[in-house]
Amino acid sequence: MRLAWHGLLGVSLLLAWAGPLAGTLHAHEGPPFPILVDEVDGPWSISVWADPDVGTGTFWIQIEATPGVDLPDDTRASVHVRPADGRLDETTWPAEPEAWDRGQQHVAKVEFPTREFWQVRIVLESESAAQTTERTLRVEVTPPGYGPLDLLLYLWPFLALAALWIKAIGKRRAAIRACAPAGLECGSEPGSDA
Amino acid sequence: MTTSEAIGRDPGPDLLAWPLLGSLLLRRRLWQGLMLAVSIVLIVHGFLGPQLAPKNLSTLVVWVHYRGLLIATLLLAGNIFCMACPFMLPRDLVRRFTRPVRAWPRALRGKVPGVVLFVFVLYTYELFDLWASPWATSLVIVLYFALAAAVDACFSGAPFCKSVCPIGQFNFVASTVSPLEVRARDSGTCATCSGHECLTGNTEREARGCETGLFLPEKVGNMDCTFCLDCARACPHDNVMLTTRLPGEELMDDRSGSGVGRRSNRGDLALLALVFTFGALLNAFGMVSPVYAFQQGLAAALGTTSEAAVLGVLFGIVLCLEPALLLGGAAALSRRALPARLGLWTVVVRFAHGLVPLGVGVWAAHYGFHLLTGLWTFVPVAQKAAADAGLPLLGVPRWGVGGLREGIVQPIEMGLLGLGTVVSLVVLWSIARREAPRRTLAAYLPWAIVALALCASAVWLLSQPMEMRGTFLES
Amino acid sequence: MLLFASCALGLVWLSSCAPEVNGSDGLSVVFHLDPDVPRVGPTTLEVRLYDGAGQPVRGGTLVVEGNMSHAGMRPSFADLVESAEQPGLYRGELEFTMGGDWFLLLEARWPDGRLVERQLDVPGVRAP
């Protein structure tokens with residue numbers, strides 16, 4: 001059992017480094033997440049994915065055609081942001097078109113100076129379709145990198161595997177120790193060597 | 001009674017008895033043939049295709065996909081890539097004519113030649129940027145084929161696999177944490193067997209015995225086992241199984257195994273385990289940003305512009321100086337707790353295998369990163385290669401496909417590293433308990449500190465920005 | 001060992017080869033990156049095309065694919081647009097996604113339909 005307890009200490013260490021890791025792994029980023037999914041307005045079916053990091057945040061605006069309507073080629077997208085408490089003026093960031101198999105994708109890089117909730121306005125315009133639409137969303141901007149809870153979420157399969165292995169190896173070593181006095185060649189514990 | 005029964009262990013499923021999988025696993029030539037075909041494609045494309053690493057199948061498949069899949073199969077199954085090794089086909093063909101009877105020289109037995117070549121491959125990889133050169137990568141493949149055939153054409157047994165092949169030695173060490181193992185189904189049947197065909201071969205079945213000299217009833221773990229399943233084909237009692245086991249357990253096991261002996265008596269095995277572990281850190285160090293500043297500082301301090309010299313010093317630091325300090329220190333501290341007065345190297349030999357899971361974690365994190373972030377990059381390159389060969393069957397190349405985002409892969413890297421560290425800590429505890437039953441903690445702590453220090457350095461390495469450059473002595 | 005040693009010698013010879021920016025067709029490509037010392041992140045790429053007489057080439061279509069020298073990394077792409085103020089100057093933005101050695105494959109289609117391809121080496125892109 002001491003082996004099992006000892007292994008659990010190892011798992012604790014694994015957990016313990018999750019905290020400092022979150023601060024040091026500057027190359028690490030959480031995956032983008034959707035903030036708007038398949039909202040239909042005029043000729044557009046709009047989805048928006050966000051990676052709102054302090055510093056530079058990224059928004060992917062994905063536009064698909066609605067049934068029976070062609071997607072306007074001249075669709076322009078832009079992102080307008082300001083802190084949710086309204087203390088600063090709104091700033092505007094153009095979204096650049098990018099190749100996308102299923103329609104059009106526009107990517108906007110937005111500067112977020114502080115960690116807090118921001119009001120994000122997504123605007124789509126098309127002159128040929130004579131259409132403009134916008135959606136206003138509230139987004140929490142966080143520092144780049146993983147927080148301890150994010151890391152725990154990502155690492156839990158490994159933690160579960162480690163715990164299972166430790167439990168199994170503990171049982172095995174206990175069984176080997178139990179069979180050693182019988183003179184059987186069944187492991188490497190003292191007295192059991194061949 | 002079998003050992004498994006004696007300790008209440010389920011003998012586990014026999015994968016060789018599974019309907020389709022079993023017969024496929026036993027068809028080694030099929031897998032070798034497939035791998036040979038792939039190798040030929042890589043060699044041809046490496047020599048004749050575009051000399052741009054990302055556009056060539058040779059560099060792409062060897063350094064991104066092969067290495068990643070190699071470590072993945074070792075972690076998820078076993079030594080499958082040795083089983084399907086294509087180098088064995090021309091080697092077996094040559095042997096039909098040479099029929100060697102001379103034994104491999106005694107001085108070269110063991111793992112030292114393999115360790116030297118393993119370090120040589122790591123060194124040339126960095127010095128000549130093999131990862132960036134399709135032509136050189138193909139040359140390396142050809143040399144592997146030639147070396148396997150040359151060594152085994154002259155000497156009996158399988159000295160290339162057992163002592164020479166750097167990939168084989170890598171696989172042997174990593175397979176100690178594999179979940180599959182080839183072993184006897186029932187030790188009682190082996191006890192009544194007089195032919196020992198698993199070792200000597202079976203002429204009736206036209207099956208050869210184990211060429212690396214593993215006698216199945218006395219085999220312990222995966223060390224030196226190529227998963228070739230010659231033993232399974234040769235056994236007249238069909239008493240060989242490919243079954244599951246607890247990964248890493250054999251590192252705690254110091255019984256004397258057939259063809260390997262007792263781990264704690266094998267300095268060459270310990271050397272291999274240490275080069276494997278520290279080499280993992282060195283190889284990962286070669287692809288992060290700080291290595292260039294370090295190397296430039298080193299070059300300035302040495303007053304040289306020779307990359308070979310600077311790289312040699314770096315290798316000396318990481319593979320000789322650092323292990324000497326860390327392991328020597330740990331051995332000096334832990335031997336005070338051991339009941340017998342032992343030399344420092346003897347203590348290192350006994351504990352070295354405890355660091356292997358950590359090494360596997362670092363290799364898996366590194367190679368896994370390349371595999372997962374570049375998972376689909378072979379698709380457009382294969383499409384282009386087929387089109388260039390006049391076979392545009394695979395369609396228009398879809399340049400731009402990649403793999404998983406780095407942000408998603410990096411937690412996986414950390415998870416693999418953490419898992420390896422936990423297993424290492426437990427294995428080291430078990431070794432300390434075996435070596436110092438009365439003062440286990442005192443014997444264990446120095447080694448646990450070494451494992452945690454290596455883990456911390458690996459965490460630091462993996463958290464550095466990637467920077468893969470061919471030369472470092474220019475601005 | 002001898003085989004591996006011969007491999008090493010072969011590699012020494014190989015490493016002495018280097019690509020040219022200007023081709024045998026007399027056409028030349030001059031490129032400039034901003035920032036001058038390339039770093040990970042978006043980089044402005046300016047390309048000037050000259051014909052055999054040294055005159056700027058106007059009305060071309062330029063596409064750039066950036067790759068790392070290590071295989072398995074996702075390439076970056078950029079379409080270069082001709083400057084209205086300076087004909088013959090093509091400009092676009094390319095993202096270096098990782099530090100290390102990069103090379104750019106420039107595909108320039110002449111107004112008359114000819115296709116010119118060049119490889120531009122960008123060694124030592126700095127990590128952030």
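## The second largest cavity

In this predicted model, two helices of chain B each give at least two residues to the lining of the second largest cavity: helix 6 (88-98) and helix 13 (230-234). Of the 20 residues that line it, the ones closest to its centre are B:Cys210, B:Glu211, B:Thr212, B:Thr226 and B:Cys228.

What sort of residues make up the lining of this cavity? They split into twelve nonpolar, six charged and two polar.

The largest nonpolar core takes in 156 residues. Those with the most contacts inside it are B:Phe87, B:Phe160, B:Phe170, B:Val182, B:Trp363 and B:Trp447. Then there's a second, separate core of 30 residues, which includes B:Val409 along with C:Leu33, C:Leu80 and C:Tyr90.

Let's go back to B:Val182. Leaving aside residues up to four places away in sequence, B:Val182 touches a list of residues that includes B:Leu216, B:Lys219, B:Asn222, B:Phe227 and B:Met241.

## A strand with two partners

Now for chain C. Why is strand 3 (residues 61-68) of chain C largely enclosed by the rest of the structure? Six of its eight residues are buried, so there's the reason.

Strand 3 of chain C runs antiparallel to strand 6 (residues 99-109) of chain C, and eight bridges join the two. Here C:Thr61 sits opposite C:Arg109 of strand 6. Strand 3 of chain C also pairs antiparallel with strand 4 (residues 76-82) of chain C, through five bridges. In that pairing, C:Gly66 has C:Ser76 of strand 4 as its bridge partner.

Methods:
Residues are numbered from 1 along each chain as its sequence is written. Chains are lettered from A and ligands numbered from 1 in the order in which they are written. This is a predicted model: local features need pLDDT of at least 70, side-chain atom pairs count only at pLDDT 80 or more; totals for chains, interfaces and linings use all residues. Side-chain values use heavy atoms; hydrogens and water are left out. On a 1 Å grid over the protein atoms alone, a cavity is a set of points where a 1.4 Å probe fits but cannot get out, and a pocket is an open set with protein on both sides within 12 Å along at least five of seven lines; lining residues have an atom within 4 Å of a point. Helices (H or I, at least four residues) and strands (E, at least two) are DSSP runs, numbered from the N terminus. Ala, Val, Leu, Ile, Met, Phe, Trp, Tyr, Cys and Pro count as nonpolar, Asp, Glu, Lys and Arg as charged, and the others, Gly among them, as polar. A nonpolar core is a set of buried Ala, Val, Leu, Ile, Met, Phe, Trp, Tyr and Cys residues joined through side-chain atoms within 4.5 Å. Buried means under 20% relative accessible area, exposed over 50%, partly exposed in between (1.4 Å probe, protein chains only). Contact means heavy atoms within 4.5 Å. Two strands pair if DSSP finds at least two bridges between them.
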